[in-house]
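Trainee: I am new to this structure and would like a close look at one part of it. Could you walk me through the aromatic residues and the sheet around them?

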Amino acid sequence: MANIHTANGLPTYLFATVEKQKLKSVLNKLKEVAYIHWFGSTSGRYDIVASFKGNDMQKTYAAIKEIRSFNGIVTTTSLFPFEGHVKPQKNGEHAMGQVFLRVDKPAQEMIQSLKSISGVSEALAVSGQWDVL
């Protein structure tokens, strides 16, 4: 079977809610998932965010499926951007936060506007509940 790749090489994200008493255990298990680029705990709607290494959708799906099987995972939301801008980051540098936006203008215009803000490292158009991540 041929590998399926995202058309644009943009990062895929997984957001998960976790049973509170299982958070530490889940974070430790995430260290063992081979295709994760980085992950961390967060506050708010989700407990964990993870980014995947490349644009091989089969490997990404396998990693997501593995994470969903962890004891303590309650829900997951996967976001596969179809358009966006990613600024090159220094080795080991990761986003400090994510913002989900619903916009009333084309996502391309919003991405262009966000690119000009110095602290914004990624602006990604996604389909679903939000328009831009």
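Mentor: Happy to! Let us begin with two residues: Phe 15 and Tyr 46 are both buried. Keep in mind that you are looking at a predicted model.

How many aromatic pairs does a search of the whole structure find? The answer is three. In one of them, the ring centres of Tyr 13 and Phe 15 are 6.1 Å apart and the planes stand at 25 degrees; planes under 30 degrees apart count as stacked, so this pair is stacked. Tyr 13 is buried, as is Phe 15. Phe 15 also pairs with Tyr 46, with 5.3 Å from centre to centre and 45 degrees between the planes, and this pair is tilted.

Where do these two partners sit along the chain? Phe 15 belongs to strand S1 (residues 13-18), while Tyr 46 is in the loop between strand S2 (36-41) and strand S3 (48-52); the pair therefore ties together parts that are 31 residues apart in sequence. Trp 38 has Ser 51 of S3 standing opposite.

That brings us to the strands themselves. S2 and S3 run antiparallel and are joined by five bridges. They are part of an open sheet of four strands, in the order S2-S3-S1-S4, with antiparallel pairing. Its edge strands are S2 and strand S4 (73-79), each of which pairs on one side only. If direction is ignored, neighbouring strands of this sheet are turned by 20 degrees against each other on average.

Helix H1 (residues 23-30) lies across S1, S2, S3 and S4, and runs at about 165 degrees to S2. Helix H2 (residues 57-68) also lies across S1, S2, S3 and S4, running at about 160 degrees to S4.

Finally, let us step back to the protein as a whole. It has three helices and six strands, and from the N terminus on its elements run β-α-β-β-α-β-β-α-β. Of its 133 residues, 38% are buried. Taking the contacts between residues at least 6 apart in sequence, 71% join residues at least 24 apart; the pair of Phe 15 and Tyr 46 links parts that are 31 residues apart. The protein exposes about 8000 Å², with 52% of that supplied by carbon and sulfur atoms.

Methods. Residues numbered from 1 in each chain as written. Predicted model: local features only at pLDDT ≥ 70, side-chain atom pairs only at ≥ 80, totals over all residues. Heavy atoms only, no water. Helix = DSSP H or I, 4+ residues; strand = E, 2+ residues; numbered from the N terminus. Buried < 20%, exposed > 50% of the residue type's maximum accessible area, 1.4 Å probe, protein only. Contact = heavy atoms within 4.5 Å. Areas by Shrake-Rupley, 256 points an atom, 1.4 Å probe, with all protein chains shown as cover. Phe/Tyr/Trp six-rings, centres within 6.5 Å; stacked < 30°, edge-to-face > 60°. Pairing = 2+ DSSP bridges. Axes fitted to C-alpha atoms, helices over the stretch in contact; angles between N-to-C directions.
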